[in-house]
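Please look over the sequence and the model shown here. A short report goes with them.

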Amino acid sequence: MEIISQHTKQIMEECKSRARDAGLSFSDDTLEYIVTNQDMIELSPKGMIPTLYDYWINDLEVIKSKKEYELYPHNAYETVINSRPAISFYNDNNPDWLNVMIFYHVIAHIDFMQNNMFFKNTWNDDFVGQALADKRLISNFRTKYGRWVDYVIEFTRGIDNITGYFNTLSPLHTKDRKKIKKIDYYFDIFLQIEKQVKMPVYLKELENYNAILAKGKKNTDALFLTEIKSKYPEFESCYHKYIKKVHEKPSDIIQYLMQNSEFINKEENKWMKSVMEIVRNTTLYFDPQRRTKTLNEGWATYWHNYLFIRDNRIKGHEADFAKLNAFVAAIPVVGYNPYAIGYSLLEYIEEETNKGKLTFDFENILKRDIRKTYNKHTGKGQEQLFKIRKNHCDFTFINSFINQDFVDRYKLVTVGERINQVRMTKEYYIKSKNYKDYKKYIIKHFIHPPHITVDKEKTADGVLYLKHHYEHKQLIPEFIDNTMIGIEYLWGGEVKLETHLIVGGKPQKIIYTAKDRKITQNAG
Amino acid sequence: MKKYDTKIKEKTVSNVELKSHHGSSLKHSIFAALPKVESNTHYYHSIKTLDELLERDNQREKDGFRRKINIGKIIKPSKGGKNKVVVVPTTTEDKFYHDDRVTEESDEDKSGDTGQTTGTAEGEEGDVIGEAPIKKEGQGEGAGGGSGDGEEHEVLSNAYDLGKVLTEQFKLPNLKEKGNKKSLTKYKYELTDKNRGSGQLLDKKKTIKQLLKTNIALDRFKQGEKLDLNKFIINNNDFIYRTLSRERDFEAQAVVFFLRDYSGSMYGKPTELICSQHLMIFSWLIYQYKNQVESRFILHDTDAKEVKSFNQYYNSNIAGGTRVLSSFELVKKIIDEENLAKDYNIYIFYGGDGDDWDTETEKFNAVLKDIIPATNRLGISIIRSTFSKNKSKFEEYLEENNHLNEDNIRLDVIDQDADGNRLIEGIKKLVSEEKSGIGTE
């Protein structure tokens with residue numbers, strides 16, 4: 001792995017300044033490395049971050065990918081990671097014009113990752129440096145505790161896709177709520193919701209309060225409180241309970257285990273907490289990327305298009321570019337290409353916004369000929385794209401913006417497969433041209449981790465009770481066993497999981513129990 | 001430009017590896033033979049070899065957890081039926097994931113679709129926009145004798161790896177009786193070398209030829225002339241002798257016959273299962289005998305024929321009716337003609353659906369009577385179709401004639417929807433020492 005040449009670096013710097021002129025914003029320093037395809041294979045399981053901790057499943061993946069490469073050699077043009085400074089990897093021996101295109105693509109990725117809200121939890125840390133420290137720590141543990149470190153990593157990874165990503169993200173976007181005052185609590189919540197007193201009683205209390213207030217003394221609240229306490233002795237504890245409930249920071253399963261597992265909190269096992277913390281942080285770092293793949297690629301494709309065409313350094317290579325771009329960003333006849341759909345949708349939104357069409361006013365117009373020729377020349381298309389880049393993830397992007405117009409314009413369809421017995425072939429046919437079906441199909445394939453939380457009330461007597469909040473999708477049954485055995489190990493006791501399985505098209509409640517490394521099931 | 005300090009890391013990691021292997025050297029002589037993952041990058045130098053990973057997997061069971069490493073194959077289909085097969089280790093990371101295969105669906109989706117995706121196309125709903133052939137069993141027979149040595153070698157080395165994994169992971173029994181037909185390398189003394197001037201045995205024909213040559217060159221003899229040996233100049237150098245020389249004889253210790261039914265009734269899953277099972281047995285045997293297995297491949301429908309390579313065996317087309325006897329007759333013929341029983345351990349593995357048209361009991365008994373004493377093991381795999389719960393004709397024949405009581409015959413009946421693990425269980429049964437009875441799963 002080596003740094004790119006001076007000459008190539010200069011190309012990159014020039015690209016950066018042109019990108020900035022066009023409105024992209026990103027931090028100044030970037031690093032570019034040349035890597036071989038074999039390097040890529042070795043680094044892929046680590047998300048291209050060389051300093052990530054070593055893990056045996058990655059080794060297996062590398063062995064497999066190398067063999068696969070023998071059969072199906074492939075080439076990735078670029079990879080960029082969300083670090084400070086942003087690091088990107090390239091092939092050797094690209095012609096200059098190709099590098100210009102790739103650099104624009106990479107710069108747009110960097111801009112996206114540094115401006116999109118879903119990445120906010122990654123902005124302030126030096127992940128690559130932190131990962132190195134983590135890696136050393138884990139290596140150190142391996143010398144002391146041997147293979148048990150890898151077991152802990154494995155079992156924590158088993159529950160790392162259901163971490164509290166949004167729990168971590170929200171506080172970064174909102175200010176801390178102030179604690180509600182006791183008097184306000186009394187009137188707004190205690191009387192109306194907890195005690196559900198009738199109107200006349202409520203009004204009487206208000207009168208009482210106002211009477212004390214009218215006396216003009218300073219300690220109105222304190223006096224009133226004493227009165228409350230004589231009427232409702234449980235007031236104080238209710239108040240504190242309410243505060244705790246509202247202000248409690250939600251925690252995911254990993255955090256819960258770290259805090260409450262007797263097994264892990266034993267003196268000799270405390271090192272496990274560090275390992276779990278590392279695994280959890282690593283996942284949280286990669287989470288935003290998993291949720292914004294289509295938008296990220298669409299954004300990068302849009303900009304490498306836009307900037308490349310306006311770059312005078314590419315003179316003479318327009319045809320080469322066109323060929324490559326068509327290959328990358330083409331909508332396949334059968335299949336899903338995130339580059340293509342992301343880019344097409346952004347292009348569509350820009351055009352429609354320029355015409356003033358993605359507005360409430362336009363939606364109200366029903367006459368087809370007016371709709372067709374409607375054009376307000378707002379010029380706000382690209383501005384809108386910048387807003388999207390800031391605020392959306394894949395799901396909100398696709399869900400909000402795909403409409404029938406878009407699907408019609410690009411002739412997008414859902415495709416069905418069936419066997420033709422007569423011709424002994426597999427046939428692909430147009431299943432639906434409706435945008436709702438199309439949208440539904442794409443969204444189905446976005447990441448959707450199940451919502452599983454610790455049920456604190458039912459967790460008692462050393463039994464950890466997990467609840468899967470059923471969203472009309474069942475869990476993959478084959479994976480449940482091993483995952484639960486892992487949780488059992490970390491918890492140090494029996495674990496139960498309440499979930500639903502779809503049997504004969506209908507959901508049925510079912511409870512899995514992991515005890516002594518065995519799994520049993522009961523109907524719920 | 002920060003380059004991370006890699007020296008410290010190297011020390012730590014190698015310490016780890018030593019300790020976890022309890023001080024034993026990483027390069028066991030047994031493991032040395034296997035291909036390693038070469039890595040010359042210094043930031044990722046702790047890639048374990050396949051063995052180390054397998055050892056770890058073994059350890060899991062002792063620790064009370066389930067094993068995780070499985071075998072997978074990646075097949076690259078290519079024209080002429082010469083598919084490239086690569087054996088890979090695989091595993092999955094178990095997590096709580098949503099399962100998209102099952103939905104709470106209404107009846108609208110029961111249109112017999114096999115799948116769904118997105119795309120772009122002109123046309124109306126229901127229009128066909130593309131077609132692809134269903135995965136065929138074989139694209140015609142493999143042309144010629146396979147595609148040359150290179151590919152065979154590749155398959156063989158992959159098969160060795162696969163065999164190793166199978167033996168270790170699935171604890172397939174080591175074959176006994178590498179027997180009295182031993183000696184991995186035998187030395188033969190043969191009179192094959194030619195030597196001019198001296199030796200043990202005079203090769204008369206060649207000597208005369210040589211003499212003629214010399215004399216023609218010396219103009220002492222012209223074509224058409226009457227041969228008068230007295231006129232010849234005879235010198236010592238022209239005498240050609242044969243000398244005794246020591247030749248190394250790499251003798252295969254075993255010959256394995258793979259027989260399979262490739263008739264019409266075997267289309268689809270049954271052929272896949274038999275081929276997979278035979279592939280695994282083949283690989284395992286290569287590992288056991290360290291490349292000194294000679295394998296013979298026989299395909300049969302109503303007639304039997306031998307094919308040269310595993311590739312051909314695997315990929316050959318589906319043909320006509322079924323006559324199991326034909327394959328055994330061919331086996332007997334080969335054993336007799338080449339006198340294999342004397343020098344080799346013989347193993348026969350038959351795979352099919354047993355759907356014989358007419359069993360010809362008497363003839364079959366006669367053939368088997370000759371074959372059975374000569375072989376170490378005859379393993380029969382029958383694929384039972386999910387529809388018929390009846391025994392196939394072949395199975396009935398075996399039962400009625402008491403063949404299953406023989407010591408060296410094993411029968412394994414496999415259901416059509418069996419998976420890889422079931423096949424491996426079947427192999428265990430086919431090669432095991434104990435007779436565990438006739439199983440149907």
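## Basis of the model

This is a predicted model; local features need pLDDT of at least 70, side-chain atom pairs count only at pLDDT 80 or more, and totals for chains, interfaces and linings use all residues. Residues are numbered from 1 along each chain as its sequence is written, while chains are lettered from A and ligands numbered from 1 in the order in which they are written.

## The two chains

Chain A contains 23 helices and 11 strands. Chain B has 12 helices and 14 strands. Helices (H or I, at least four residues) and strands (E, at least two) are DSSP runs, numbered from the N terminus.

Of the 524 residues in chain A, 34% are buried. In chain B, 31% of the 441 residues count as buried. A residue is buried if 20 or more other C-beta atoms lie within 10 Å of its own, exposed if 12 or fewer, and partly exposed in between; C-beta atoms are placed from the backbone.

Two residues are in contact if their C-beta atoms, placed from the backbone, lie within 7 Å. Take the contacts with a separation of 6 or more: in chain A, 72% join residues 24 or more positions apart. For chain B, the corresponding share is 76%.

## An open sheet in chain A

In chain A, 4 strands form an open sheet with mixed pairing, in the order β1-β2-β4-β3. Strands β1 (2–3) and β3 (78–81) of chain A stand at the edges; each has a single partner strand, so one side of each lacks a neighbour in the sheet. Helix α4 (residues 96–115) of chain A packs on the sheet and touches β2, β3 and β4 (86–90) of chain A. The direction of α4(A) makes about 25° with that of β3(A); axes are lines fitted to C-alpha atoms, for helices over the stretch in contact, and angles run from 0 to 180 degrees between N-to-C directions.

β1(A) and β2 (residues 30–34) of chain A run antiparallel, joined by 2 bridges. Two strands pair if DSSP finds at least two bridges between them. I3(A) has Y33(A) in β2(A) as its bridge partner.

## Helix α6 of chain A

Helix α6 (residues 147–158) of chain A has 12 residues. From first C-alpha to last it reaches 17 Å, close to the 16 Å expected; the expected span is 1.5 Å times one less than the number of residues.

In α6(A), 9 of the 12 residues are buried. Among them are V149(A), I153(A) and F155(A). The buried residues of α6(A) pack against α3 (56–71), α5 (127–145), α12 (253–260), α13 (271–291) and α23 (477–491) of chain A.

## Nonpolar cores

A nonpolar core is a set of buried Ala, Val, Leu, Ile, Met, Phe, Trp, Tyr and Cys residues joined through C-beta atoms within 7 Å. The largest has 113 residues, and Y104(A), I107(A) and V275(A) have the most contacts inside it. α4(A) gives the most to this core, with 12 residues. A second, separate core of 58 residues includes L279(B), F310(B), I335(B) and L378(B).

Leaving out residues up to four places away in sequence, Y104(A) touches C15(A), A19(A), W303(A), H304(A), L307(A) and F308(A).

## The interface

Chain B puts 66 residues in contact with 77 residues of chain A. Elements of chain B that each supply at least two residues of its side include α1 (7–20), α3 (50–63) and β4 (128–133).

Strand β6 (residues 425–432) of chain A pairs with β4(B) in the antiparallel sense, over 5 bridges. There, K426(A) stands opposite A132(B).
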